[in-house]
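Have the structure open and try each task before reading its solution.

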Amino acid sequence: MTKNQTAAALIVLCTVATLAMSGVGYAQVVPKQAMDNGAPQYRVDPFWPKPLPNKWSMQQIVGIFVDHMDHVWFLNRGRSALPIELAAEAGLPAGAPPNAALCCVRGPELIEMDQQGNVVNAWGGPGFHPKWPVQLQTVVVDTKGFVWVSGEANEDSILKFTRDGKLVWDFEHRPPPEAAMMPENNQETSYIINKGRFQLDEVANELYIINQKRVTIYDASTGAYKRGWGGHGMPLSEINNGEIPAYKWTGGPPPEERNFAPTLHFVEISKDRRVYIGERGQNRIQVFTTEGKWLQDIYVSPNSPSQRGGCGGLNENIKAPAVTVVGTFTQSICGTMYKMIISKDPQQKYLFVADAHNDVIWTVERQSGKTLGCFGGSGRLAGQMTFPNAIGIDTFGNVYVGEVDFGKRIQRFAPVLTGAR
């Protein structure tokens, strides 16, 4: 690479006013990683991954999971494809040569890559299986090699596949058709509207599912309901089934709220058995024990407009940017809680939060909840981001970020070592 290319590959690092003390401890995974005011530094690898084979198109990367072999699995949501992105698939005039369009065709919706960015496994998509999710959202790969995939549509559930794509279990709990028209009911546990955002806890063999204003936990073998709670550990019976009030955003944080403030966007479990749940409607992470005892609130960029009533109830003079997702829905980019991953050093010192409102990855000290800094920035160049909505990390400390909307790519950010140029 030239000096200019190297400079372009460097990500934009940013710090905040509430800087924490100097960071140590991540060296167990990445020796001599460069730090900036306590935040580990990262540089984008502009040559990862390699181009997809077979003219497959790269679409919205809505879920990422790095497995125990450091292979990167991601969901390649094909329903977001534009016609021009599938020109090699259909629509060529009669008599046109086979190679008239160089790109592209609709590829598999679940792709596995190795550390070099090569596709080593790929399957899934419409027609792959009758129960394949319509609105893909989450992928988890367990240490036994089973692949768990979920979707957000009413007819979707959580499906467990073998590594080569054979369905071995269906969580079910699909709602009756009329449930979509009924009022919100956080006390109902026999079925779940929207099972798309979940986490597998292999230690206890449980599924954590977040929807509405709650987390519910089910047995990962039988699907039996076990327990659940709402914001700050309240029992399901106390959860408010009404809307969380909007607010007029004037540059400050949203008003305090005891309930979970939808939309809930991620649930992660640390090795020391803490449960982290992200609220896009509050710019907040709530931390619990696995039994539902509330431990801590962590705010990340709290002054950004949150997702409440159209980005914090913005008035007509400050419009929230609208984003049209082709073939699905229209929404506004707001709130800072999209996806989160925990670092893989022994202490799991850091939380990395994907923020699609500000187009950055925030670095948070896990124990204190202090924001140390961020990397990324809005744009289409290497190291910049457009709607980051998926994140993963491997045991080498590489951070993988997937983009939705019109970003439609996955990028790898490698640790910057002390003294590296």
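**Exercise 1.** In this predicted model, find what sits over the ring of Phe-146.

*Solution.* Look for a charged end above the ring: that of Lys-160 sits there, 4.5 Å from the ring centre.

**Exercise 2.** Classify the ring pair of Trp-169 and Phe-171, then that of Phe-171 and Tyr-218.

*Solution.* Start with the rule: centres must lie within 6.5 Å, and planes over 60 degrees apart count as edge-to-face. Applied to the model, this rule gives 18 aromatic pairs. For Trp-169 and Phe-171, the centres are 6.1 Å apart and the planes make 70°, an edge-to-face pair. Both of these residues are buried. Next, Phe-171 and Tyr-218 have ring centres 5.2 Å apart and planes at 85°, so they too are edge-to-face.

**Exercise 3.** Decide whether Phe-171 and Tyr-218 are buried or exposed.

*Solution.* The cut-off for buried is under 20% relative accessible area. Phe-171 has 2%, so Phe-171 is buried. Tyr-218 has 0%, so Tyr-218 is buried.

**Exercise 4.** Describe the surroundings of His-232.

*Solution.* First locate His-232: the loop between strand 16 (225-229) and strand 17 (264-269) holds it. With a relative accessible area of 21%, His-232 is partly exposed. Beyond its neighbours within four places in sequence, its contacts include Glu-257, Arg-284 and Trp-294.

Terms used: Residues numbered from 1 in each chain as written. Predicted model: local features only at pLDDT ≥ 70, side-chain atom pairs only at ≥ 80, totals over all residues. Heavy atoms only, no water. Phe/Tyr/Trp six-rings, centres within 6.5 Å; stacked < 30°, edge-to-face > 60°. Buried < 20%, exposed > 50% of the residue type's maximum accessible area, 1.4 Å probe, protein only. Lys NZ or Arg CZ within 6 Å of the ring centre and 35° of its normal. Helix = DSSP H or I, 4+ residues; strand = E, 2+ residues; numbered from the N terminus. Contact = heavy atoms within 4.5 Å.
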